[in-house]
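Student: Before we discuss any labels, could you show me the model, so that I can ask what each term rests on?

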Amino acid sequence: MKVSRLYTLDVNTVELLKRKKNKSKIVNRAIRMYLQDHEAFSLDDIPTKNLMVSLVNRDDVPDHIQLLIKSHLTK
């Protein structure tokens with residue numbers, strides 16, 4: 001089933017879509033990919049500093065690694 005909706009797009013996005021044949025299919029696929037990627041958890045979404053702080057506070061991280069991370073965090 002299909003439904004028609006009105007959404008606002010940037011002008012340059014519309015210009016890019018002008019060259020394509022099946023605009024609805026492209027937009028639908030792009031939105032699905034966007035939503036799928038944003039629902040999945042990824043360590044890439046966590047700032048590096050937060051990861052480092054977490055590693056420093058873990059018991060299973062070797063001391064020399066913790067020292068390197070602490071050194072980097074204090075810069």
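Tutor: This is a predicted model, in which local features need pLDDT of at least 70, side-chain atom pairs count only at pLDDT 80 or more, and totals for chains, interfaces and linings use all residues. Residues are numbered from 1 along each chain as its sequence is written, and side-chain values use heavy atoms, with hydrogens and water left out.

Student: Why is the contact between Glu-15 and Lys-18 called a salt bridge?

Tutor: A salt bridge is a side-chain nitrogen of Lys or Arg within 4 Å of a carboxyl oxygen of Asp or Glu; the side chains of Glu-15 and Lys-18 meet at 3.3 Å, N to O, and therefore qualify. Both residues lie in helix H1 (residues 11–18), three residues apart, about one turn of the helix, where a helix is a DSSP run of H or I with at least four residues, numbered from the N terminus.

Student: What makes Lys-18 exposed?

Tutor: Its relative accessibility is 53%, and exposed means over 50% relative accessible area, buried under 20% and partly exposed in between (1.4 Å probe, protein chains only), so Lys-18 counts as exposed.

Student: Why is Glu-15 placed in another class, and which one is it?

Tutor: Glu-15 has 36% relative accessibility and so counts as partly exposed.

Student: How do you know that Asp-60 and Arg-58 form a salt bridge, and how is each classed by accessibility?

Tutor: Their side chains meet at 2.7 Å, N to O, which is a salt bridge. Asp-60, at 54%, counts as exposed, whereas Arg-58, at 41%, counts as partly exposed.

Conventions
Helices (H or I, at least four residues) and strands (E, at least two) are DSSP runs, numbered from the N terminus.
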